Amino acid sequence: MRKKTAPPARKKGILRRLLRFISPYQKFLIPALIACVIGVSLSLLAPVMVGHAIDYLVGPDAVQFGPVAQYLTALVAVIGLSALFQYLMGILTNAVTYRTVRDMRKAVFAHLNRLPLKTLDAGERGDTINRVVTDMDLISDGIMHFFTQLFNGIVTVVMTLIFMFSLNVPLALVVVCLTPISLLVSYLIARKTGGKFREQAELRGEIGAFAEERIVNQRLTRAFCAEKNAQDTFEEINQRLYNCGWKAQFYSSITNPGTRFINAIVTAAVAACGGLLAVHAGGGMWAITVGELSSFILFANQYAKPFNEITGVVTEIQNAYASAVRIFDTLDEQPESGDSALPPLQMKRGDVRLEHVYFSYDPERPLIQDINLNVHEGERVAIVGKTGCGKTTLINLLMRFYDVDAGRILIDGQDIARTTRDSLRAVFGMVLQDTWIFTGTVRENIAYGKPDATDEEIIAAAKSAHAHSFIKRLENGYDTMLYGDAARLSQGQRQLISIARVMLVSPPILILDEATSNIDTLTERRVQRAFDKMMQGRTSFVVAHRLSTIREADVILMMDAGRVLEQGTHEELLAKNGAYAALYRSQFEETAGKV
């Protein structure tokens, strides 16, 4: 995806949008909150019991071991029950976290499938992958820490304050008055680190995109001895990520010791004030026993502990926020216009007509200009011309991978812009120069467009594409697993599998974009005969550089700079002695020279 930073207005809505994904699982949050309150309340009973036990050990009437034993027994039970409810809260919050992230990941992937190709072509694959995988993991960590530590910490702070005020108001006020100092320290540091974590998220996407690009094209990198250049570029990005990362981690790491220092001061202040009250308050209303003072100090420690944990989790939450900005940035990309209300394409014959078609990728650089074409059912149209003349772009417009800027494309008289894309693309079969083999068996790769195909149909398609013989030589035949770019197969073998994939579907209209460019001459002749058989009665568009493969075409379009310079049969264009004839002679002379 294109790298961008969300505008301030969008950033303000990040939390609200995240809550929308969490809201379907709020049924888990109420029980989690109840479990948290019970667990925290039970844990706060522990200091009370310890204080009472201490008073029976240092009281004026000497030591009483019976009550002490009772309090210690109750203390063990309370701690056990508190742990049980904390465990229950963890299970419930885990359910919320992982289901939320699952839904977000599904939403992002579904949205990617709806994005127009121009959006995907403008971005980097590695960065997009990072958003779907790494950023989602960081959001998961952030939500998890929010519920297990931040959520639990807030409840602990509130409950502890209630217990402290019920025990001794002056000491509770000492704690409350010193608390803002800890909060101020956390706020100032968090403000400093927020921007660094957002920058870190962007750099992770950049380094992921670069690594993915270089790993996929490792052979080319080595063929041009460009390893050092790739390593230097990687190290430069990695160094920027390191510089940003250590600053973000350094600033965030100051938060925890800073708050611990403040909290230590709070504890010391409580101990000092409590000691004075225990010694000098006498029997007044603010008097406090040694056991109660011990309980209050334990409360003060428990009150301070959530602040330490909360500030410690600031890193995770800021990381999650930065990743959420990138995720919602992706979800805000404009999808293809909906076409569910449009009628499906009604395929009758296979006539294709282009009327005054204009298109450009960049408005400032026109490409396709005023193309008119009328193709009848069963005709073969060959598109030739120099690299960059608009041949593949014309195919993209036929398939509605891109929409025309002006003009119309009609199939059997129906404007393809006014029909559903799925119904349009269902009538086309494409074999491209760039092959695509996904992780799966050879059988699954061939049956990609027809998953319910029988073995007999798959084998027949492979035989038609002259792929059957090499497939049978693989260790497991049609059940051989292929991974990634199928490096174990030659480029020509991968192309044959792609051709078999289309032959299995047997679509009404064929598009062959340099479909035999990676196949040896002998195999090309065989495959060409198979194509000739498959193209009989079907409208076909063939993009070719080797003009020898398109002599039998019914119509040849000679393109240059997005325009159709010449149009006619092979013999007609040679007779014109124009651009096509010059191109044909140049190829013929080049071939003759090589011989």
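This is a predicted model: local features need pLDDT of at least 70, side-chain atom pairs count only at pLDDT 80 or more; totals for chains, interfaces and linings use all residues.

Student: How many cavities of 30 Å³ or more does the structure hold?

Tutor: There are two of them.

Student: Which residues line the second largest cavity?

Tutor: Its lining is made of V175, T179, S182, N263, V266, Y303, A304 and F307. The elements giving two or more residues to that lining are α7 (169-216), α9 (227-280) and α10 (290-312).

Student: And how does that lining divide into nonpolar, polar and charged?

Tutor: Five residues are nonpolar, three are polar and no residue is charged.

Student: Changing topic to α17. Is it mostly covered or mostly exposed, and how many of its residues are buried?

Tutor: Mostly covered, with twelve of its 15 residues buried. Among them are R494 and R501, along with L496, I497 and I499.

Student: What should the span of helix α17 be, and what is it in the model?

Tutor: Helix α17 runs over residues 491-505, so at 1.5 Å a residue it should span 21 Å. Its end C-alpha atoms lie 22 Å apart, which agrees.

Student: What comes just after α17?

Tutor: S506, which takes a positive phi of about 50°.

Student: Why does C36 count as buried, and why does C244?

Tutor: The cut-off for buried is under 20% relative accessible area. C36 counts as buried because its relative accessibility is 0%, and C244 because its value is 3%.

How values were computed. Residues are numbered from 1 along each chain as its sequence is written. Side-chain values use heavy atoms; hydrogens and water are left out. On a 1 Å grid over the protein atoms alone, a cavity is a set of points where a 1.4 Å probe fits but cannot get out, and a pocket is an open set with protein on both sides within 12 Å along at least five of seven lines; lining residues have an atom within 4 Å of a point. Grid points are joined across faces, edges and corners, and a volume is the space filled by probe spheres set on the points. Helices (H or I, at least four residues) and strands (E, at least two) are DSSP runs, numbered from the N terminus. Ala, Val, Leu, Ile, Met, Phe, Trp, Tyr, Cys and Pro count as nonpolar, Asp, Glu, Lys and Arg as charged, and the others, Gly among them, as polar. The expected span of a helix is 1.5 Å times one less than its number of residues. Buried means under 20% relative accessible area, exposed over 50%, partly exposed in between (1.4 Å probe, protein chains only).
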